[in-house]
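Dear colleague,

Please find below the structure that I am handing over to you. My notes on what was found in it follow directly after.

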Amino acid sequence: MNMDKIIQLIEKAKSIAIVSHTNMDGDAIGSSLGLMLALRKMGKYAVTYIEENVPERFDFWLDIDGLVRYNGDKIGEHDLLIVVDVADRKLLGDRGRLLDEIKNTISLDHHVLHYTYSDNSYVKPDAAAAGEIVYDLVKRLGVQIDLDIATCLYVAISTDTGRFKFDNTTPTTHMIAGDLLSYGVDSNWISNKVFDENSKERIKLVAEAIGTLKMYYHEKIAVMHITREMMDKVHAKESDSEGIIDFAINIRGVEVGAVIREKEDGSLKASLRSKSFVDVSKVASMFGGGGHEKASGCTYQGDIMSFEEKLVNCIRGEM
């Protein structure tokens, strides 16, 4: 679908609900809130529904009016639902039911593997982040970007590009980021708050995870794992495990890094990163997951060592 139809649906709507995937990252929450604030400037009633606590590194957004915790109850009447940065309906958690409850639905996404679930989809795989798509949409809606909207979108884009170091970063990405900075975005503060600031529990968890490091296939594959026992030992939160995969992928000579984390329900979640030539989205798809060529994830039911063995074998098959 082209953007013109998306714009028509938004202009016609009066009350709009916005959702993104569970286990929110910077792109998910930044794009959602940036869009919500823009829609409110248009005079729309707009609400962003979340399912879990906002990660601590994004807690500066906690007091934004319109950020609502979804508890499964029937919500107020909305005539449009916009889903941002979601490749598969199952990634919405309980909020997936909103796709059936709200008459008109739109999805804005940048994942290569997108499983159509909405009435209207706009998918742009060459966009570095959903934030780029929202930026373009806001501009085309004629909304004047302000500091709050710009901050939301800058966080969205800078996180999904790893501070503009991932190879999904394009000239367009830098041009958009430059424009957002012109509205007064404090990139230094964002960099410190979002990327560099750590809790002591996270540092302790990093030490535990590094202690599990294993190297495979001529040391081109690095794998670490995080168990519930490790999380409990250092009193870590789920958000404390974010970014630990960097310690695997940044090892000299490593092509693919993986972190396997045991979730509260006993299932396992693998985060995969590739440095250059391996498409880890193909590996993730073998376990029912997906994502991007250089950054993907999947889940698994079973024990960690069995999953690690299968995962490594699949990675080797792509090398």
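**Strands and sheet**

Strand β1 (residues 15–19) pairs with β2 in the parallel sense, over five bridges. Here helices (H or I, at least four residues) and strands (E, at least two) are DSSP runs numbered from the N terminus, and two strands pair if DSSP finds at least two bridges between them. Within this pair, Ile18 stands opposite Thr48 in β2. Strand β2 (residues 45–50) is largely enclosed by the rest of the structure, because five of its six residues are buried. Buried means under 20% relative accessible area, exposed over 50%, and partly exposed in between (1.4 Å probe, protein chains only).

Please note that this is a predicted model, in which local features need pLDDT of at least 70 and side-chain atom pairs count only at pLDDT 80 or more, while totals for chains, interfaces and linings use all residues. Residues are numbered from 1 along each chain as its sequence is written, and side-chain values use heavy atoms, with hydrogens and water left out.

An open sheet is formed by six strands in the order β7-β8-β9-β10-β12-β11, with mixed pairing. At its edges stand β7 (214–216) and β11 (290–291), each with a single partner strand, so one side of each is left without a neighbour in the sheet. Lys214 has Val223 in β8 as its bridge partner.

**The chain as a whole**

In total, the protein chain has twelve helices and twelve strands. Its radius of gyration is 19 Å, close to the 20 Å that the globule rule gives for 319 residues, so the chain is as compact as a globular protein of that length. That radius is taken over C-alpha atoms, and the rule is 2.2 Å times the number of residues to the power 0.38. The C-alpha trace spans about 55 × 40 × 35 Å along its principal axes.

Of the 319 residues, 53% count as buried. Among contacts with a separation of 6 or more, 64% are between residues 24 or more positions apart; contact means heavy atoms within 4.5 Å. The side chains include 38 positive and 50 negative ones, and the centres of the two sets lie 1 Å apart. Lys and Arg count as positive and Asp and Glu as negative, while His and the chain ends are not counted; the place of a charge is taken as NZ of Lys, CZ of Arg, CG of Asp or CD of Glu.

**Individual residues**

Most residues other than glycine have a negative phi. Asp85, although not a glycine, has a positive phi of about 65°. Asp85 lies in the loop between β4 (80–84) and α3 (98–101) and is buried, with a relative accessible area of 2%. His218 also has a positive phi, near 60°, and is a residue other than glycine. His218 is found in the loop between β7 and β8 and is exposed, at a relative accessible area of 69%.

Finally, Val312 belongs to helix α12 (residues 304–317) and is buried, with a relative accessible area of 5%. Apart from its neighbours within four places in sequence, Val312 is in contact with Tyr216, Ile221 and Val223. From C-alpha to C-alpha, Val312 and His174 are 35 Å apart in space, and they are 138 residues apart in sequence.

With kind regards
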